[in-house]
Amino acid sequence: MAFRRRAKSHPLFSQEFLIHNHADVGFCLVLCVLVALMFEVTAKTAFLFILPQYNVSVPTADGEIVLYHYGLKDLVTILFYIFIAIILHAVVQEYALDKINRRLHLSKIKHSKFNESGQLVAFHIASMAWCLYVLATEGYLSNPKSLWENYPHVHLPFQVKFFYLCQLSYWLHALPELYFQKVRKEEIPRQLQYISLYLVHIAGAYLLNLTRLGLILLLLQYVAEFLFHMARLFYFTDENNEKLFNAWAVVFVVSRLFTLTLSVLVIGFGLARVENQAFDPEKGNFNTLLFRMCVLLLVCFSQAWMMWRFIHFQLRRWREYWNEQSARKKAAAAAAATHGKQQLKTIKRESGYHENGVVKAENDPKLLQHTKQSCLDFAATGAICLPRQLRGSLLKGAQSSLHNLASSCTKLSSHRVAYCRTIQVPYIAV
């Protein structure tokens, strides 16, 4: 019975040890915070990591409700949920993506992109469901005016603040994952671009009290990105399956139009009609003309950059498609020409009366039969029509004629020579 080979152990706290066991280290830290909840001395500190801070009781007609605003203690909560995101990332990678990769046998480049798309598909589908639930329960979809009315929206419901903290945690955790997953150097700039864009937009909506508008824009963005990464997953499994890319292209363009339209409607027209238009950072009010212009420019610039990348991607995809189609047509034409030449050679050899300008007897049975019949007719004529005393001279003449015929046959084909020599004179004389 063979013993199971042990995995290679790395030195403690070395680079390879940290890369291979980063999820376990994060789980130990999370477990320490959860254990701290069990003791009264450390429970208050542990709550700083787990629950959103800065809660405020606001009286309403139905009673008091608890709302939240942001502050520096949110950084501690974000740090805790960064470790949660690292653990979930490792779970999805090990129990889902790695098993699929073993069956597909992808190359290194496709393997890296497949892992990236698999992780983002899981995140986007969870974020879409959560975001849609928040928008429906808070009534932001049923009442579009609530997107700019009563600005600044300093006090947030629990699920809105928790949603933004988790979003920031996920995109911040993507930065160390570039190191843990050993992402290729060529892929790092591209991934840093979209990670930075997400962090800037989410943090800007959270800090500038535009959380309601940010929820809808995130939902539109996540729908388009979900379709894109699903299309990439299906493409890696079957390269002929590109239908989802067409659906993603339509949704991407529509989402860009909705994003620009909604941003101009809320920031350019809605906030411009709000009575309180003063710059007051302490109260969270940034509703000034300069603020609105800067936000709109940032949104328009990001959407224009994304559209430029989209057009560049589509042009490259169409170029590759037409190059592939032209290569297939050339290959088919070359194959047809080769097949036609081979078929023509086969026809010549089968009908094959001529080769290099000479008649081939072995390919012409009619010629052989005609030669034999001529010899028999000649012998019969000599045996019947001539007198008996002249038959000897006839035989000598036939022999000389057959000799001359055999010598001429050697010039035509070796097979015809062999056949003519098999015809003997006594057979003719009988």
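Welcome to this structure, where residues 24 or more positions apart account for 68% of the contacts in the protein with a separation of 6 or more (a contact means heavy atoms within 4.5 Å). This is a predicted model, in which local features need pLDDT of at least 70, side-chain atom pairs count only at pLDDT 80 or more, and totals for chains, interfaces and linings use all residues. Residues are numbered from 1 along each chain as its sequence is written, and side-chain values use heavy atoms, with hydrogens and water left out.

**Overall make-up**
- The protein has 14 helices and six strands; these are DSSP runs numbered from the N terminus, with helices being H or I of at least four residues and strands being E of at least two.
- Of its 430 residues, 35% count as buried, meaning under 20% relative accessible area with a 1.4 Å probe, protein chains only.

**A cis peptide bond**
- Most peptide bonds are trans.
- Tyrosine 151 and proline 152, however, are joined by a cis peptide bond with omega of about 10°.
- Proline 152 sits in the loop between helix H5 (108–138) and helix H6 (158–180).

**Positive phi values**
- Most residues other than glycine have a negative phi.
- Histidine 105 is not a glycine, yet has a positive phi of about 55°.
- The loop between helix H4 (74–104) and H5 holds histidine 105, which is exposed (over 50% relative accessible area) at 68%.
- Lysine 182, also not a glycine, has a positive phi of about 55° and lies in the loop between H6 and helix H7 (188–207).
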